[in-house]
Amino acid sequence: MGEVIALPAEHLALLQADAREAVEAAKRLQDWIEAAVALRYEQRAIGARAAAGKDTGTVRFQDGAVEVAVELPKRVEWDGRRLAALAEQIRAGGEDPAEYIETALRVSERAYAAWPERIRQAFEPARTVRTGRAVYRLTICSERELRDGGYAPDGATREAR
C-alpha cells in the first residue's frame with residue numbers, strides 16, 4: 001500500500017481507471033454467464049415450480065453432479081387509491097382499517113394470507129403480484145451427496161425412475 005500511495009497522481013488515476021474497467025468487464029462476464037445459466041435452466045425451473053404447486057420461491061433439481069437452486073422472489077404491489085377506498089368502507093362499517101391496512105397504504109403479505117376470505121376478496125382488485133429476477137445457484141455435489149441424496153447421474157431422482 002505504501003508503494004501505491006507514493007506513486008504519482010497520474011499513475012494512481014491510471015490504476016484506478018484500470019481497476020474500474022476490470023470490475024466492469026467482470027460484471028459483463030458475470031451477466032453473460034448468468035444469462036446463459038437462466039436460458040439453460042428456466043424451463044426446468046418452471047416445471048419444478050409447477051410440480052411443487054408454487055408460483056414463486058425456491059426450487060431445486062439436479063443436472064448431473066450439480067444441484068441447481070432457482071429462487072424466484074415474489075413482489076407484491078398494492079393499489080393505493082383502492083386501499084384508501086377500502087379503508088373508508090371499513091371505517092364506515094364500524095371497524096378500524098388499521099387492523100387490515102398499514103398507515104402507508106401497504107398491506108403485509110403475511111397478514112393478507114391470514115385474513116378471512118371475504119376480506120381478501122375485497123382487497124384482491126388492489127393487489128398485483130409480480131416476480132423478481134430469478135437467481136440460479138449451482139453447487140457441485142460430491143459422489144457421496146449424489147449417492148445419499150437419491151439422485152441419478154442424469155439429474156432424475158431414484159424415486160422418479
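Biologist: Let's begin with charge pairs: how many salt bridges does the structure hold?

Modeller: Side chains of opposite charge can pair when their charged atoms come close. The structure holds 11 salt bridges, each being a side-chain nitrogen of Lys or Arg within 4 Å of a carboxyl oxygen of Asp or Glu. Before we go on, keep in mind that this is a predicted model, where local features need pLDDT of at least 70, side-chain atom pairs count only at pLDDT 80 or more, and totals for chains, interfaces and linings use all residues. Residues are numbered from 1 along each chain as its sequence is written, and side-chain values use heavy atoms, with hydrogens and water left out.

Biologist: Which residue forms a salt bridge with Arg120, and how far apart are the closest N and O atoms?

Modeller: The partner is Glu117, and the closest N and O atoms are 2.4 Å apart. The pair is also a polar contact between side chains, a term for N or O atoms within 3.5 Å; within protein, one must be able to donate a hydrogen and the other to accept it, and residues adjacent in sequence count only if both atoms are side-chain atoms. Arg120 is found in helix H5 (residues 117–123); helices (H or I, at least four residues) and strands (E, at least two) are DSSP runs, numbered from the N terminus. Because Arg120 and Glu117 are 3 residues apart in helix H5, about one helical turn separates them.

Biologist: Where does Gln62 lie, and what does its side chain reach?

Modeller: Gln62 lies in strand S1 (residues 57–63) and is buried, with a relative accessible area of 1%. Its side chain reaches the backbone oxygen of Gly64 at 3.4 Å. A polar atom of the Gln62 side chain also lies 3.5 Å from the backbone oxygen of Val66.

Biologist: Now the whole fold: how many helices and strands are there?

Modeller: There are 6 helices and 5 strands, and along the sequence they follow the pattern α-α-β-β-β-α-α-α-β-β-α. The radius of gyration, taken over C-alpha atoms, is judged against a globule rule of 2.2 Å times the number of residues to the power 0.38. Here the value is 25 Å, well over the 15 Å that the rule gives for 161 residues, so the protein is more spread out than a compact globule. The C-alpha atoms fill a box of roughly 70 × 60 × 25 Å along the principal axes.

Biologist: How much of the protein counts as buried?

Modeller: Of the 161 residues, 24% count as buried. Among contacts with a separation of 6 or more, residues 24 or more positions apart account for 54%.

Key:
Buried means under 20% relative accessible area, exposed over 50%, partly exposed in between (1.4 Å probe, protein chains only). Contact means heavy atoms within 4.5 Å.
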